[in-house]
Amino acid sequence: MNESGAAIEAHGLTRRFGAVVAVDHAELSIPRGRIYGFLGPNGSGKSTTLRMLCGLITPTSGTIRVLGLDIPRQAEALRTLMGYMTQRFSLWEDLSARENLEFMASVYTLEPGHAAQRIGAAVEEYHLAEFFERPAGTLSGGQKQRLALAAATLHQPSLLLLDEPTSAVDPQSRRDFWESLFALTARGTTILVSTHYMDEAERCHALAILDRGRIVANGAPKQLMADLPLQVIEIETEDTVGARAALHGLDSLRSLAQLGLRLHALLAQDVADPVACIESLLAGRGVKARVRRAEASLEDVFVGATLPRAGQEH
Amino acid sequence: MLPAPLRRMRAIAVKELRQMSRDKLTLAMVVGIPLLQMAIFGYGINYDVRHVRAGVVDLANTQASRSLIADIASSQVVDFIARPAGADELRRLIVSGEIHAGLYIPPDFERRRIDATRPVAQVIIDGTRPGVDTAVRAITEAPLPGRTGFKRRASPAIEVLTEFNPERRTAVQVVPALIGVILSMTMVIFTAIALVRERERGNLELLITTPVRSIELMVGKLLPYIGVGLIQTTLVLVAGVVLFDVPINGSLLDLYLGAGLFIAATLGLGLVISTIAATQFQAMQLGFFTLLPSILLSGFAFPFEGSPRVVQYIAQVLPLTHFVEILRGVILRGATLGALWLPVLKLAVFLVLAVALAAVRFHKRLD
Ligand SMILES: Nc1ncnc2c1ncn2[C@@H]1O[C@H](COP(=O)(O)OP(=O)(O)OP(=O)(O)O)[C@@H](O)[C@H]1O
Ligand SMILES: [Mg+2]
C-alpha cells in the first residue's frame with residue numbers, strides 16, 4: 001500500500017437504480033489523514049456513493065481504489081481497515097451498549113485483553129458510562145451516535161466512513177462529535193463524512209458538493225467560497241415585498257433569499273457594478289434600502305453549485 | 001485461543017442467544033407451540049371412536065344372548081347406557097340423539113343360532129355421526145373369543161393382527177411424528193425471521209461491513225436454535241409418554257441424533273427463505289408456504305402410499321417426510337439409526353444443500 005497516495009480514488013463512478021441515476025460519473029480523490037465531506041440535499045447520492053466505496057453496492061460502471069485495494073473485488077480485505085457508520089442506527093437495539101461493543105470487538109477478533117482495553121478507552125472517550133448497561137434501543141439520538149462511533153472505531157480503522165452521523169443530534173453534541181473526529185484525524189485516520197449541514201461542511205478539510213448524483217463542486221471550503229463565480233449582495237429594507245418586485249425582472253439574478261428584513265442576492269459576474277444597478281432598480285420603485293456587497297458563505301457556494309443547470313448557460 | 005472464524009461464529013451465536021433471552025414472546029413460543037400442538041393433534045383430532053352411547057334390547061334373555069352383549073360391551077367401542085323395552089323405544093332413543101347405536105336381540109335368538117340362513121341379532125347405527133358407523137360395524141364383524149356358538153357361520157379366514165400399536169390408537173401414530181411437525185413449524189420461522197429482522201432493522205448493513213463471512217454468519221445463527229429445537233423435542237417426548245402412553249422402544253441417543261440432524265436441515269431451509277424474503281412478514285408467509293405441504297404430504301397425518309406419483313416425489317424433497325420415518329422407526333419400532341440409514345442420508349444431503357444454497361445466495365452486499 002502506498003502511504004503517500006490518496007486514501008480513496010474513484011473514476012467515472014456511476015450507479016443506476018432502474019431509470020434513476022443515483023451517482024453520475026463521480027470523480028473522487030480523497031487525501032489521507034483528512035476529513036473529507038459530502039455535502040448534498042436528500043437523494044443527491046451521498047449514501048449510494050459511500051456504499052459503493054465500502055463494497056456494499058456494486059457500481060454500474062467506474063473504478064474504485066480504497067487504501068490501494070480494488071473495490072468491490074477486494075472488499076473483504078478492506079473490512080478490518082475500515083469503519084462504517086450507517087445513516088440509520090444499525091447496532092442491536094435489544095442488546096446493551098456494552099454487549100454491542102463486545103460483539104463488535106469479537107467480530108473483528110480483537111484479542112480479549114486488547115478488546116477490554118479498547119472498550120474501556122471508548123467508554124472514556126465517548127462518555128458511554130452513564131448508559132453502558134442500558135439497551136441501545138432506549139438511548140437518545142446523541143447517545144446512539146456516540147455508541148455507533150465507538151463501535152466503528154474499536155478496531156482502530158485507518159478509514160472511517162460516516163453517513164450523516166449528526167442528523168439526530170443537538171448542536172452541542174454535534175460540536176463534541178466533531179472534536180472526536182478531529183482527535184481521530186490527529187492519529188492519522190482518514191474520515192469521509194456526508195452531511196447536509198453547512199456548518200459541518202465548513203469544518204471539513206475539503207468537500208464535494210453533490211447534486212442529483214453529480215459532483216458539482218469540490219475543494220477546500222475557503223477556496224470554494226473565494227472562487228464562487230457569483231457576486232453576493234445584501235439588501236436591508238423595511239419593504240421586502242417592494243424590493244422583491246423591483247428585482248423581479250433582473251436577468252443576472254441567480255438566487256434571492258430572505259433572512260428577516262434582509263434580502264440575500266446572488267448575481268452573475270457580468271454585472272459591472274451590482275450595488276449601483278440594484279440601487280437604481282429599487283429607487284425606480286421608490287423602495288428605501290441599504291445595499292452592500294457581502295462575503296460568500298458556503299451556503300452561497302452550495303446554492304450557486306446546485307442552481308438549475310439551465311440558469312448557468314449564459 | 002480459537003481460530004478467527006470460530007471466534008466470529010461464536011460471537012454471532014452468543015449475540016443470538018442474548019437477543020432470544022430478551023424476546024419474551026419468542027421464549028413463550030418455544031414452550032407454547034409444542035404444548036398447543038400436542039393438545040390439538042393429541043386430543044382434538046382423533047380417528048379412534050370409543051365409548052359410543054348405545055342401547056340394548058334383549059328379548060331372548062338366554063345365557064348365550066347375555067354373553068354376546070357382554071362381549072360387545074367389553075370392546076369399549078360402545079357403552080350400553082340404555083335398556084329400552086322394545087324395538088320401537090330403541091329407535092326413538094336413536095332419533096332423539098340420546099344414543100347413537102342399538103343392539104336388538106329378537107325373542108327367537110336361540111332358534112336363529114341354529115338356522116344359518118337368518119341373522120341372530122340386529123345392530124342399528126345412527127348414520128349421521130362421522131366415524132361411528134365404521135367403528136361399530138367393525139366390532140360386530142370381529143371374531144371375539146367369547147362369541148361361542150357362531151363358529152359355523154362367521155369365523156373370518158384371515159386373522160387381523162396390528163403390531164406396535166395393537167389397540168390401533170391414533171395418538172401412538174401421531175405423537176412421535178408430531179415432534180417433526182412442531183420443529184418444522186418453529187424452526188423454519190425462527191431462523192427465517194432472525195436474519196430478515198436484521199435486514200429490516202438495518203443491522204445487516206453494518207454486519208456485512210465487518211470481517212464476518214457468510215458461512216460464519218449462517219452457522220453462528222443456526223447453533224443456538226439447534227439447542228431450542230432439542231428442548232422442544234424433549235417437551236413433546238415427555239408429554240407423549242406422560243399424557244398419551246407412547247412407548248419409546250428405541251434408543252434416546254439415536255432419537256436425539258436424528259432430531260439434531262432434522263433441526264439443522266429445517267434451519268437450513270429457514271436460512272434459504274431468509275435470503276429470499278425482504279420483510280419479516282414475507283418470511284412468515286414463505287415459512288407457512290413450506291409448512292403446509294410438509295404437514296399434508298409427509299405421512300404425518302395422512303398415509304402417502306395412496307397419493308399420486310408426483311405428490312410422492314414432492315414428499316421426498318420435504319425433510320419432514322424422512323424425519324417422520326426416523327421418528328416412527330426409533331420410537332415405535334425400536335429401530336437404530338443404522339437401520340434407518342436411507343432417511344438419515346436424505347436428511348444430511350438436504351442439510352448440506354440448504355446451508356450451501358443459503359451461503360451462496362447471501363452475498364455480503366446490499367444489491
Ligand atoms: N436501493 C435503491 N433502489 C432504488 N433507488 C435507490 C436505492 N438506493 C437509492 N436509490 C435512489 O438513488 C438516489 C440517491 O439516493 P441516496 O440514498 O444515495 O441519497 P442521499 O444523498 O444519501 O440522500 P439522504 O440525504 O436522503 O440520505 C435517490 O433518488 C434514491 O431514491
Ligand atoms: Mg443518505
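## Second largest cavity

By class, the residues lining the second largest cavity are nine nonpolar, two polar and no charged. Here Ala, Val, Leu, Ile, Met, Phe, Trp, Tyr, Cys and Pro count as nonpolar, Asp, Glu, Lys and Arg as charged, and the others, Gly among them, as polar. This is a predicted model, in which local features need pLDDT of at least 70 and side-chain atom pairs pLDDT 80 or more, while totals for chains, interfaces and linings use all residues. Residues are numbered from 1 along each chain as its sequence is written, chains are lettered from A and ligands numbered from 1 in the order in which they are written, and side-chain values use heavy atoms, with hydrogens and water left out.

The volume of this second largest cavity is about 60 Å³. Its lining consists of A54(B), I72(B), V78(B), F80(B), A101(B), G102(B), L103(B), V123(B), V136(B), I139(B) and T140(B). Two or more of these residues come from each of β2 (78-82), β3 (101-105) and α6 (132-141) of chain B. Helices (H or I, at least four residues) and strands (E, at least two) are DSSP runs, numbered from the N terminus.

A cavity is a set of points on a 1 Å grid over the protein atoms alone where a 1.4 Å probe fits but cannot get out, and its lining residues have an atom within 4 Å of a point. Grid points are joined across faces, edges and corners, and a volume is the space filled by probe spheres set on the points.

## Largest cavity

Three cavities of 30 Å³ or more are present in the structure. The largest has a volume of about 80 Å³, and its lining has six nonpolar, five polar and no charged residues. Those residues are S184(B), V188(B), F262(B), T266(B), L269(B), G287(B), T290(B), L291(B), S294(B), P319(B) and L320(B).

In chain B, α8 (170-200), α11 (252-276), α12 (280-297) and α14 (319-332) each contribute at least two residues to this lining. The most come from α12(B), which supplies four.

Ligand 2, a magnesium ion, is coordinated by S47(A) through OG and Q87(A) through OE1, at 1.9 to 2.1 Å. S47(A) belongs to helix α1 (residues 46-53) of chain A and Q87(A) to the loop between β6 (82-85) and α3 (97-107) of chain A, so the pair ties together parts that are 40 residues apart in sequence. Donors are N, O and S atoms within 2.8 Å of the metal (3.2 Å for Na, K and Ca); water is not among the atoms, so sites may look incomplete. S47(A) is buried at 15% relative accessible area, whereas Q87(A) is partly exposed at 40%. Buried means under 20%, exposed over 50%, and partly exposed in between (1.4 Å probe, protein chains only).

Ligand 1 is surrounded by 13 residues, the closest being G43(A), K46(A), S47(A), T48(A) and E164(A). A residue is near a molecule if one of its heavy atoms lies within 4 Å of it. Oxygen atoms of ligand 1 lie 2.7 Å from an N or O atom in the side chain of S47(A), 2.5 Å from a polar side-chain atom of T48(A) and 2.7 Å from one of E164(A).

Q172(A) sits in helix α6 (residues 171-186) of chain A and is partly exposed, with a relative accessible area of 42%. Its side chain makes a polar contact with the side chain of R175(A) at 3.0 Å. A polar contact is a pair of N or O atoms within 3.5 Å; within protein, one must be able to donate a hydrogen and the other to accept it, and residues adjacent in sequence count only if both atoms are side-chain atoms.

S214(B) is part of helix α10 (residues 214-244) of chain B and counts as buried at 15% relative accessibility. The side chain of S214(B) reaches the backbone oxygen of F362(B) at 3.2 Å.

Conventions
On a 1 Å grid over the protein atoms alone, a cavity is a set of points where a 1.4 Å probe fits but cannot get out, and a pocket is an open set with protein on both sides within 12 Å along at least five of seven lines; lining residues have an atom within 4 Å of a point.
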